[in-house]
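The following paragraphs lead through a model by way of its side-chain contacts and its secondary structure. Please keep the sequence and the coordinates in view while reading.

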Amino acid sequence: MSAVEPADPTPALRAVLQMFLDAIDRGDLAALAPLWAAEATMYFPFASSPAPFLGREAILARFERMF
């Protein structure tokens, strides 16, 4: 019996990353929202944002300021 090779997640990951980048390029918060888990944490690489942003709503609010 041969082992089944797991599916390569790379194409799916690339697709989600492209959706993320496209949403940022457009400044589209509605497109960004479903890409974040409710309990996500993100650090923005800006001096004006030295602390982490906790939760989807806080992250989206910071993106809104950026846009």
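A charge is taken to sit over a ring if NZ of Lys or CZ of Arg is within 6 Å of the ring centre and within 35 degrees of the ring normal. Under this criterion Arg62 lies over the face of Phe44, at 5.4 Å from the ring centre. The model is a predicted one, in which local features need pLDDT of at least 70 and side-chain atom pairs count only at pLDDT 80 or more, while totals for chains, interfaces and linings use all residues. Residues are numbered from 1 along each chain as its sequence is written, and side-chain values use heavy atoms, with hydrogens and water left out.

Helices (H or I, at least four residues) and strands (E, at least two) are DSSP runs, numbered from the N terminus. Helix 1, residues 10–26, has 17 residues. From its first C-alpha to its last, helix 1 reaches 24 Å, close to the 24 Å expected at 1.5 Å a residue; the expected span is 1.5 Å times one less than the number of residues. Just after helix 1, Gly27 adopts a positive phi of about 65 degrees.

Which side chains meet in a salt bridge? They are those of Arg26 and Asp28, at 3.3 Å from N to O. A salt bridge requires a side-chain nitrogen of Lys or Arg within 4 Å of a carboxyl oxygen of Asp or Glu, and the count by this rule comes to one. In general, side chains of opposite charge can pair when their charged atoms come close. Residues are called buried under 20% relative accessible area, exposed over 50%, and partly exposed in between (1.4 Å probe, protein chains only). Arg26 is therefore exposed, at 53%, and Asp28 is partly exposed, at 24%.

The aromatic residues come next. Rings of Phe, Tyr and Trp (its six-membered ring) pair if their centres lie within 6.5 Å; planes under 30 degrees apart count as stacked, over 60 as edge-to-face and the rest as tilted. The structure holds seven such pairs. In one of them, the ring centres of Trp36 and Phe63 are 6.3 Å apart and the planes stand at 45 degrees, so the pair is tilted. This pair links distant parts of the chain, 27 residues apart: Trp36 belongs to the loop between helix 2 (29–32) and strand 1, and Phe63 to helix 3 (residues 56–66). Both Trp36 and Phe63 are buried. One aromatic cluster is formed by Phe20, Trp36, Phe44, Phe46, Phe53, Phe63 and Phe67.

Phe46 lies in the loop between strand 1 (41–42) and strand 2 (53–54). Because its relative accessibility is 32%, Phe46 counts as partly exposed. Together with Met66 and Phe67, Phe46 forms a nonpolar surface patch with about 240 Å² of accessible area. Patches consist of residues with over 30% relative accessible area and no salt bridge, with like charges joined within 9 Å and nonpolar side chains (Val, Leu, Ile, Met, Phe, Trp, Tyr) within 5 Å. The areas come from the Shrake-Rupley method with a 1.4 Å probe, and for residues only the protein chains shown count as cover.

Several C-alpha separations connect these elements. Thr41, in strand 1, has its C-alpha 4.6 Å from that of Leu54, 13 residues apart along the chain. Ser49 lies in the loop between strand 1 and strand 2 and is buried at 3% relative accessibility. The C-alpha atoms of Ser49 and Arg62 are separated by 8.7 Å. Leu60, in helix 3, is buried at 10%, and its C-alpha is 6.9 Å from that of Ala33, 27 residues apart along the chain.
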